[in-house]
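Colleague: I would like to learn how to read the contacts between chains in a model of this kind. Please take me through an example.

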Amino acid sequence: MFQGLVAQRLVALFFAGWALLNFPLLALWDHDILIGGLPLFPIALFGVWALLIAVLACVVEGGAASRSSMLHERPD
Amino acid sequence: MSQKVLIADDEPNILISLEFLMKREGYEVVVARDGQEAVNAIFKERPALVLLDVMMPIKTGFDVCHEVRAHEAVRDTLILMLTAKGRDTDVAKGLALGANAYMTKPFSTKELVQKVREMLGTSA
Amino acid sequence: MLSATLVIGVSFAYLLLLFAVAYFGDWRAAQGRSIIASPWVYALSMAVYCTAWTYFGSVGRAASSGVWFLPIYLGPMLAMTLAWMVVRKMIRIAKTYRITSIADFIASRYGKSPTLAGLVTLITVVGIVPYIALQLKAIASGYAVLTSPLGQPAVQSADWWSDSTLYVALALAGFTMVFGARHLDSTERHEGMVAAIAFESVVKLVAFMAVGLFVSFGLFASPVALFEQAYAVDALRKLLQFGQGQPFAYAQWLGLTLLAMLSVIFLPRQFQVMVVENVDEQHLRRAVWAFPLYLLLINLFVLPIAMGGLLYFGPGAMDPETFILSLPLSQGYNALALFAFVGGLSAATGMVIVEAIAVSTMVCNDLVMPLLLRMRRFGARASGDLTGLLLGIRRLAILIILLLGYLYFHLAGEAYALVSIGLISFAAVAQFAPAMLGGMYWKGGTRHGALTGLLLGFAFWVYTLMLPSLAKSGWLDDGFLHHGLWGVVWLKPEAFLGLTGLDNLTHSLFWSLLANVGGYVGVSLWRAPSARETSQALLFVDVFNRKAGARPVFWQGRAKVSALLPLAGRFLGAEQAQRLFAEYARREGVASIEHIPADARLVQFVETQLTGAIGSASARVMVASVVEEEPLDLDDVMRILDEASQLRAYSHELEEKSQSLERATTELREANEKLKSLDRLKDDFMSSVTHELRTPLTSIRALSELMRDDDHMDLAQRQQFLGIIVVEAERLSRLVNQVLDMAKIEAGHAEWHNAVVDMRELLEQASATMRETYRERGVALQLQLSTAVQPLWADADRITQVVLNLLSNAAKYAPRGSGQVHLSLKDSTDGIAVEVQDNGPGISQEQQSMVFEKFRQVSGDDHYRPGGTGLGLPISRQIVEHFGGHMWLHSSPGQGAVFGFFLPRQGVDAERTASTDQPLI
């Protein structure tokens with residue numbers, strides 16, 4: 001359904017995001033401790049979130065090379 | 001006083017034959033073996049007529065013709081061009097540059113003499 | 001506590017500022033210098049997702065259930081990872097077919113069905129009104145907190161005319177009318193509105209973060225100190241973890257995330273800013289990560305504010321949803337509190353404005369217009385400009401939507417927390433997902449399938465979420481909640497079929513989406529799609545596969561320009577219609593509007609333009625009423641599709657053909673140039689040959705004539721002339737031979753008599769031949785030959801010809817009397833190299849490259865070169881190259897010249913083994 005390298009990366013990122021932000025991976029962070037004085041669970045959530053944004057930005061804004069290839073891709 | 005004729009050609013055998021021919025007709029003959037020599041001789045000897053070969057080393061006949069016509073002192077020198085290239089463009093170019101007459105090699109000695117006489121205004 | 005006048009004054013000043021921004025945006029757009037043509041503005045406008053619900057509600061949610069406010073923002077994060085594909089496709093479809101709302105999108109996809117458009121609009125209105133109420137409620141309660149003494153309940157006015165919320169609603173309606181429905185544009189784009197929304201997004205983010213920083217670093221020493229204190233309280237400590245002991249917590253988490261993921265795409269306002277207002281598809285590239293980043297930032301301080309409020313006021317003392325105002329107020333930071341209120345106002349007004357524009361477009365195009373057009377007065381055959389009427393309907397729709405929102409707020413608003421109201425709306429718009437996504441990626445979906453799915457999903461939403469919420473507000477008897485409808489236990493709305501354990505939202509979402517998808521897919525598969533459905537499915541699903549020119553037009557019949565132009569004029573304005581038609585004529589390459597061919601493409605063009613103004617379903621009806629259509633069946637659709645793909649193939653082929661033609665033309669031109677230059681070369685060659693032939697002839701003729709005419713010429717003279725004649729005759733015959741030779745070699749007709757050649761012997765013989773000439777000229781010839789030389793396979797005569805040519809050239813150029821010529825032979829495993837070196841004047845650099853060309857005798861020296869034909873070296877080179885070797889010349893003026901050639905052994909060996917009839921030594 002989604003052809004092209006960028007599209008495939010995005011789909012992979014989508015599923016990675018679902019996995020990271022849901023059971024059971026999410027349960028890994030559910031401990032009653034403070035990290036540097038801040039609660040672990042919210043820190044982990046925001047951390048994963050920021051990571052996803054960073055990777056997403058890298059994938060879509062990419063280099064000039066992937067930019068030109070994206071112009072020719074057909075997204076479906 | 002006999003008129004002076006300059007023969008400019010880089011082929012020594014043609015030079016020999018033309019020199020003999022002109023002398024036989026009673027002209028005073030000067031020879032030049034290339035274009036530069038020809039120009040020098042024209043300024044120095046002031047010949048009345050030049051038999052000018054087109055294909056010469058250093059300066060071609062066209063160059064010589066052009067140079068002669070550009071100088072006040074020698075402008076009136078009569079020029080009879082001789083060329084082994086019979087193309088119309090060559091003839092046209094020579095005449096355009098100021099040659100008075102044109103003959104194609106190989107030429108008939110009689111016709112050449114006739115032409116030279118005509119140009120110099122002397123009758124046989 | 002702040003004075004009411006101040007708060008109202010600041011609020012109106014802020015609205016005026018928004019007005020100015022929007023006006024500036026429109027003004028710049030009219031000048032063609034759009035300020036919203038930036039990916040950043042686009043991303044900021046998408047942040048209209050963060051409403052008062054985010055601004056006030058998140059803190060409230062965090063104060064009661066900790067991290068559970070987050071799935072609403074994690075869903076959009078995940079949605080954005082796929083936006084580059086999914087949203088871009090929606091943008092492409094919407095732009096291509098002038099679709100301006102979700103209702104139109106779905107209706108258009110399933111055969112331009114008015115019923116479907118109406119149903120989607122109805123669901124939207126019902127689902128969105130509570131959401132708008134929520135915004136009004138947020139503004140009202142924020143206002144109350146600011147203007148009442150801290151910690152005391154706000155005094156609610158009993159009379160509706162003194163209720164400030166009503167005036168807020170009316171002010172917002174006015175603003176929305178001015179910027180959302182000021183003029184009619186068939187693309188439904190509102191640049192000024194988008195600029196204002198982006199501005200509001202900045203304001204609300206800055207305001208929220210300002211309060212967050214204040215709480216984290218002002219009220220408390222640091223976030224660390226804040227969380228340490230919170231950790232000391234058991235109730236708060238629990239909020240900082242996930243499960244809090246609920247069963248099915250993860251299912252609910254997943255449900256909320258999914259819900260938010262669908263909402264961020266299918267909420268009418270998100271569709272409006274993301275798809276309809278999109279300026280450039282490429283802007284998505286930035287927005288897909290900048291928008292989630294915005295969400296992250298605005299949520300960063302939700303927990304600190306919630307924890308801070310709970311710690312400061314103690315649980316239950318204050319409404320957590322207004323912590324963002326009450327915390328600064330409690331410290332006497334009135335200006336910060338006011339700024340925070342303006343931020344909340346931004347969040348609320350932004351949502352209301354965009355939502356109202358989006359919904360009013362739907363109401364006008366998909367509910368009111370279809371009804372109006374059925375009436376004789378406005379119907380197909382009627383005339384008159386309807387643009388004014390269209391605008392009026394939209395303005396009225398905006399007003400009614402806001403008043404409905406006010407009514408809902410007034411009657412039911414108090415019963416529910418902000419978040420709960422918002423989630424009800426989310427669940428409603430999530431019902432569009434199956435029909436939308438299925439329509440974009442699955443060609444099999446049908447109108448009946450979409451209708452069934454939407455109806456079932458909507459019904460379940462009403463029964464399991466909407467009605468219970470009304471019952472809990474005390475509007476309905478809540479008996480059915482506890483005992484089930486008609487007392488049937490398994491019909492209990494919040495435990496349907498006895499399903500328990502899920503919270504009511506996840507429960508409702510599960511059942512409604514299950515019924516929706518089931519109905520959509522099941523009914524769609526029941527029968528094959530009709531022709532109209534198929535044609536629309538092809539246009540939607542394959543939107544990226546076709547360029548504008550090759551898109552199939554699914555229409556057949558007869559039309560007249562004279563009927564279509566007035567029709568367009570009625571809905572777009574006569575002037576605008578005239579301009580569109582003129583533009584179309586220019587694109588088609590016809591002289592004027594009257595010459596436009598009234599074919600399927602024109603009909604489609606008009607219909608697309610009308611779709612922008614009145615929606616696809618109404619546009620379909622209108623166009624159908626002024627043209628004579630022939631109904632399409634499935635075969636027609638397939639035929640048209642075939643033709644379009646053939647057209648595409650043809651155009652592809654044509655493109656290729658024209659490219660290959662271009663290539664051929666270039667090649668031909670090059671060949672022609674080559675021929676021309678060859679022709680010039682031949683011409684030059686002929687001219688040179690002529691010259692070279694005539695020169696000896698001149699001497700021969702002149703001297704012969706002189707001798708003929710002079711009988712008395714002395715003998716010596718005669719002898720000299722005859723000698724010259726003989727020499728010149730020889731030269732002439734040599735020349736003739738060489739020209740023929742050259743021609744033969746060049747044409748490949750030369751005969752080669754190959755045999756084993758001993759190069760050493762050959763060179764010795766050649767130099768012996770030349771010995772006399774050298775002696776005559778006083779030039780010394782020295783041989784330096786390797787002793788033992790491997791035999792070569794070559795034509796001895798030809799090689800001798802080359803050597804003699806080089807030797808005679810050297811003799812000519814070497815100075816008479818003091819000439820020195822060296823002939824050397826070097827034998828190597830590769831082959832044999834021969835060099836002839838003289839001590840003549842040398843050859844200048846520029847002339848070196850010419851010596852191997854025909855008739856190029858080196859000029860510029862005063863040497864007479866007897867017998868030179870200008871063909872010797874070119875022929876030599878041809879010969880050497882024939883044997884696979886090469887020739888060279890090294891020289892610098894004054895230093896003499898070295899001519900040499902190399903003959904390879906390899907090629908020779910190969911040739912020898914190939915010919916077996918030759919004797920071997």
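**Reading the interfaces**

Modeller: Start with the pair A and C in this predicted model: the contact joins 33 residues of chain A to 35 residues of chain C.

Colleague: Which elements of chain A each supply at least two residues of the side that touches chain C?

Modeller: They are helix H1 (5–20), strand S2 (38–39) and helix H2 (40–61) of chain A. H2(A) gives the largest share of that side, with 12 residues.

Colleague: How does the side of chain A that touches chain C divide by class?

Modeller: There are 25 nonpolar residues, three polar and five charged on that side of chain A. As for size, an interface is often described by the accessible area lost when the parts come together. Here I give residue counts.

Colleague: How many residues of chain C and of chain B take part in their contact?

Modeller: Chain C contributes 18 residues and chain B contributes 19 residues. On the chain C side, helix H28 (634–709) and helix H29 (715–747) each supply at least two residues. By class, the side of chain C that touches chain B has six nonpolar, eight polar and four charged residues.

Colleague: What is the fold of chain C made of, in helices and strands?

Modeller: Chain C holds 34 helices and nine strands. Its length is 921 residues, of which 49% count as buried. Among contacts in chain C with a separation of 6 or more, 82% come from residues 24 or more positions apart.

Terms used. Residues numbered from 1 in each chain as written. Chains lettered and ligands numbered in written order. Predicted model: local features only at pLDDT ≥ 70, side-chain atom pairs only at ≥ 80, totals over all residues. Helix = DSSP H or I, 4+ residues; strand = E, 2+ residues; numbered from the N terminus. Buried ≥ 20, exposed ≤ 12 C-beta atoms within 10 Å, placed from the backbone. Contact = placed C-beta atoms within 7 Å. Nonpolar A, V, L, I, M, F, W, Y, C, P; charged D, E, K, R; others polar.
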